[in-house]
Amino acid sequence: MKKKSVKRDIKVYRAKDIDELELPFALQYPFDKTMLRLLKAENYLEQEYYYIESKEDYAFFILYKNRMNLFTFGKLKCFYPLQVIGYPCSLSNCGYVTNNPAFLFSFIKTIKGAKLVLNVEERTEINGMTIGETLPTCIFSNRFATIQDYTESLRSQYRRRINLAVKKCSHIKMQEEKGAVTDVYPLYLNTYHKSAYKLEKLERGFFERADAVKLIFTDAEAVRGFVMLKADGNRLIFMLCGMDYNFETTDLYYYMIYHIISYAIAHKFREVDLGQTSEETKMKFGACLEQRYFYAHHTNPLLNGAVKLGKSLLEYHYQFPRYRVFKEETS
């Protein structure tokens, strides 16, 4: 049910169902209503939708509740119920649309309890909120006319590694699909359970109904892997993947990324968001890292102080070598 309230001269509209929330603008991917309805049905975490406005400032955001390990990026484990302002699918997108991040984050501070804002692209200092780095996303810029142009532009060691993976996976066929032709859900679960950074688990219907392309990798015996891709204008989004871990997956993963880049080049996308995790492998294909931040806050002053003190335990710490993947790169 839609709820309306006024908080410090801010009009607040909250709804459990996206269709109950009236917005003064149309939501675009990944916030389009078709996608949000699907995620509501196939991600069983409790989700709410907010629209807030004050004078010329506005924000739409998704809040979902999850019991998460606060030390996801470390060796410690401490599970705690959080209200997450984030996109309820493992994309590198943030979970909001706003014309003023400071307005949004200041409002989020007023929500009672523990809050975590994920995948913020730019830092905006907000008094009382803890800001730290989370997983970066890997962006591949496409300037190539053909896949041959791409491979020929690589330095020999990177080209050799990709060619080795292609050779070792030469018995694996790749085909494009939409819909529920091939059941890839068991492969997704394999990768989900193996992941060190679990946020949410999607159900089978998402993979059957999402408006996306799946690249399916099959040998004579079984489906060995898949990737799910979504077009967003001139950008290609690597949404999700899965693999058969009874199969040798190192070369298969290289082979899958190679086909994502090949697909992007063939369809003339200017940019590919290869997603978060496995950064070094993706960098060896020529991807660059884009920083992402989290914001954390608790309305209890003592707990909020503890969050600030423990910031380094919450952050994702990374420092990768500078890979000079392309021939023209000199430093």
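Strand 4 (residues 57–69) pairs with strand 5 (residues 79–85) in the antiparallel sense, over seven bridges. Two strands pair if DSSP finds at least two bridges between them; helices (H or I, at least four residues) and strands (E, at least two) are DSSP runs, numbered from the N terminus. This is a predicted model, in which local features need pLDDT of at least 70 and side-chain atom pairs count only at pLDDT 80 or more, while totals for chains, interfaces and linings use all residues. Residues are numbered from 1 along each chain as its sequence is written, and side-chain values use heavy atoms, with hydrogens and water left out.

**Strands**

- N69 has F79 of strand 5 as its bridge partner.
- Strand 5 also pairs with strand 7 (residues 114–120), in the parallel sense and over three bridges.
- Here Q83 has K115 of strand 7 as its bridge partner.

**Helix 4 against helix 7**

- Helix 4 (residues 156–168) packs on helix 7 (residues 249–266) at an angle of about 105 degrees, and the axes are 8 Å apart. Axes are lines fitted to C-alpha atoms, for helices over the stretch in contact, and angles run from 0 to 180 degrees between N-to-C directions.
- Helix 4 is therefore roughly perpendicular to helix 7 (under 35 degrees counts as roughly parallel, over 145 as roughly antiparallel, 65 to 115 as roughly perpendicular and the rest as oblique).
- R161, I162, A165, V166 and K168 of helix 4 make the contact with T250, D251, Y254, Y255 and Y258 of helix 7; contact means heavy atoms within 4.5 Å.
- These residues divide into six nonpolar, one polar and three charged (Ala, Val, Leu, Ile, Met, Phe, Trp, Tyr, Cys and Pro count as nonpolar, Asp, Glu, Lys and Arg as charged, and the others, Gly among them, as polar).

- The buried residues of helix 1 (residues 33–42) are M35, L36, L38, L39 and E42. Buried means under 20% relative accessible area, exposed over 50%, and partly exposed in between (1.4 Å probe, protein chains only).
- Down the axis of helix 1, the buried residues fall within an arc of 160 degrees, so they line one face of the helix; the arc is that of the directions from the helix axis to the C-beta atoms.
- They pack against strand 3 (47–54), strand 4, helix 6 and strand 12.
- In helix 5 (residues 185–194), Y185, L187, Y188, T191 and Y192 are buried. Their arc, seen down the axis of helix 5, is also within 160 degrees, so they line one face of the helix.
- H193 and K194 are exposed on the other side of helix 5.
- The cover over the buried residues of helix 5 includes helix 6 (204–209), strand 11 (223–232) and strand 12 (235–243).

- Y263 is found in helix 7 and counts as buried at 12% relative accessibility.
- Beyond its neighbours within four places in sequence, Y263 is in contact with E176, V213, L215, L229, L236 and F269.
- A231 lies in strand 11 and counts as partly exposed at 44% relative accessibility.
- With neighbours within four places in sequence left aside, A231 is in contact with L236 and F269.

**Backbone geometry**

- Y29 and P30 are joined by a cis peptide bond with omega of about 10 degrees; P30 lies in the loop between strand 2 (10–15) and helix 1.
- N119, not a glycine, has a positive phi of about 60 degrees. N119 is found in strand 7 and is buried, with a relative accessible area of 8%.
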